[in-house]
Amino acid sequence: MSETVASQGSAPQAIVTGQGVSFTAGGRQLVSEASLALAPGTTTILIGPNGAGKSTLLKLLTGELTPSSGSVLVDGEALSSIPGWRLACQRVVMAQHARLVFPFSVYEVARLGADGVGRALSRQRREVLIGECLAAAGVLELASRRYQTLSGGEQQRVQFARALCQMEAGRSVCERQVLFLDEPIASLDLCHQLALLDMARTIAARGVAVLVVLHDLNLAVTYADHLVVMDQGRIIVQGAPAKTLDDALLRQVFKVDLSLSRAPAPGLPFLLPQQHRLSPAA
Amino acid sequence: MTLATPPARSMALPSLAAFVDGRRRAAVATVIGLTLACLALTIVAIGQGAIAIPPGRVAEILMARLAGDDALLQGRDVLVVLNIRLPRVLIGLLIGAALAVSGALMQGLFRNPLADPGLVGVSAGAGLAAAATIVLGDRFLTGMAMKLPFAVLPFGAFCGGLLSTLALYLIATRDGRTSVATMLLAGVALGALAGALTGLLAYLSDDRQLRDLTFWSLGSLGGASWTKLSAVAPIVLPLLLAMPLLARGLNGLMLGEAEAYHLGIPVQRVKAMAIILVALAVGASVATAGMIGFVGIVVPHLVRLATGPDHRLLLPLSALGGAMLLVGADIAARLIVAPAELPIGIVTAAIGAPFFLWLLLRRSGPLDV
């Protein structure tokens, strides 16, 4: 296993590095030979059709799954050799689905993020931190509500608040952090989609490496510093969004006729799905 | 902290602090209140029975004993309190706490409000071993063992509980990961098997054995002694002492195993620790007092209704509640048909089930909300 790959990539300071990561389950290869580096201050967005292996790759990078071959390094150290509590201070994950059986209040759910990681903090400090994270995720007014009584979108924002709590608490232990968001905006309305992604970028600007799995291509192009396109378990292409996407690739990967346009303001590409031979609507 | 705060039509931070403080104050009040109530019930319970002793006198005797003041320890009531009632009530407190905490742990572990040591086959395994000892013991046990029937029965039950838990754990563990769903399903199957075999044993038994079996399957605190207490306490106490260690892990597990792992919780260790401690405590409880149902489901559920599902509060309050329920049921068991005694399992079910149903009916919404 070559340990030198990490240092020759475009991001020598990468916090998390996946090197030729593959994962096989039930005889099917879900991820093949994926190499990826998550650098501090960078928002990496992972896109691809259903079943492309996005979530599996994310689970491999977070340590939830162990690669069949290849390796995942966190600051040069093998992920599997890092103790759980130390990893939790550095690596924060907001998973795709989060159900809860027992009636926790929103405050208690958010507190779960700060409980273990923030052990060293005083109780007052932790409570202030939880309040700030609830506010930042826009769910402070729901703090006393029971989690189960919330809508899907509200639950998702509460989970985001919990992830923020873990990050803020973990920051006192480890500065080089990485945040994983698996389809974090799937149940959100447009306003909250943008608010959450803005927040993700704010966090990245603070020096955190952020990886987001998204389905909305326009949002992906807008928010990504580094865009990764997956299909059938492989990383097809990765790089700056403006250079990464083209019509042929989109047709091949997403099986939809798309044509790239340039948005007027920042010159970023945007996409409108096309019906077979109809001209695009204004 | 430099989080950008988006415009929030928000409950202000001070009102959040008030909410949190209020919750904490309510929790402290509940803990103190229940502890005092438990103490009071203990004193009352020691006074109840064929020879009634007023609570004041009970407290006097206990204080004198604690102070080592032998001059005050004269009279028949002192003997009754110190040698008969006190060990019985202490065993009741211990087993009640163990059963309720075991229930709460299992429910947390399986993320299912219906989970209970009875459900994962621990009690059934212990019960089967006890039945086997009662029915087949005469044929196979000779010499030493015949002279110690009271030691053989608890030991058998204890081994049965431990073996069934071990079997369950091995069935449900693949590649070092324990599947909670597999364990729940396998537990139901093992419980059914143990039940069938126990039934078969009942079919084979004679009249005396059948009566012993019935006694066993309904549970009793009768025959308590300091010897029994010293046998059960070292096995049950680790469970109660480990509560603070397990609480945070169980809270994290409420979100799911992957999420708990992400939060830095050593998921496998928490699961293994909880399962082993529960097997030990329940095995010892069944060995000492027979099968006592219902405590493990009712008590944690009541606590959750009252103070919420946070395990840091749920576990200690369940311990207090379970201890009180069992000691209270034991008072009833001794009084209802005095001077005879009812099996305590009958009482816990007869009091617990209607109360539980009433609670369910009283609620307006669905349970899981």
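Here is a short tour of this predicted model, stop by stop. Residues are numbered from 1 along each chain as its sequence is written, and chains are lettered from A in the order in which they are written. Local features here need pLDDT of at least 70, side-chain atom pairs count only at pLDDT 80 or more, and side-chain values use heavy atoms, leaving out hydrogens and water.

**Stop 1: the six-stranded sheet**

Select chain A and find the open sheet of six strands, ordered 6-7-8-3-9-10, with mixed pairing. (Strands are DSSP runs of E, at least two residues; helices are runs of H or I, at least four; both are numbered from the N terminus. Two strands pair if DSSP finds at least two bridges between them.) At the edges sit strand 6 (91-94) and strand 10 (234-239) of chain A, each pairing on one side only.

Now pick strand 7 (178-182) and strand 8 (209-213) of chain A: they pair in the parallel sense over five bridges. Asp182(A) has Val213(A) as its bridge partner.

(Angles run from 0 to 180 degrees between N-to-C directions, with axes fitted to C-alpha atoms, for helices over the stretch in contact.)

**Stop 2: the four-stranded sheet**

Stay in chain A for an open, antiparallel sheet in the order 2-1-4-5. Strand 2 (28-38) and strand 5 (77-78) of chain A each have a single partner strand, so one side of each has no neighbour in the sheet. Strand 1 (16-25) of chain A meets strand 2 of chain A over seven bridges; look for Val21(A) opposite Ala34(A).

**Stop 3: a helix pair in chain B**

Switch to helix 3 (76-110) of chain B and helix 12 (267-289) of chain B, which pack at about 145° with axes 9 Å apart. Residues in the contact (heavy atoms within 4.5 Å) include Ile95(B) and Leu99(B) from helix 3 of chain B, and Ile275(B) and Val278(B) from helix 12 of chain B.

**Stop 4: the core**

Which residues have the most contacts inside the largest nonpolar core? Select Ile45(A), Leu134(A) and Leu179(A); this core has 172 residues. (A nonpolar core joins buried Ala, Val, Leu, Ile, Met, Phe, Trp, Tyr and Cys residues through side-chain atoms within 4.5 Å; buried means under 20% relative accessible area, with a 1.4 Å probe and protein chains only.) Its largest share, 20 residues, comes from helix 3 of chain B. Finish on Leu134(A), whose contacts include Val106(A), Tyr107(A) and, in the other chain, Leu16(B).

Conventions. Buried < 20%, exposed > 50% of the residue type's maximum accessible area, 1.4 Å probe, protein only. Lists of a residue's contacts leave out its neighbours within four places in sequence.
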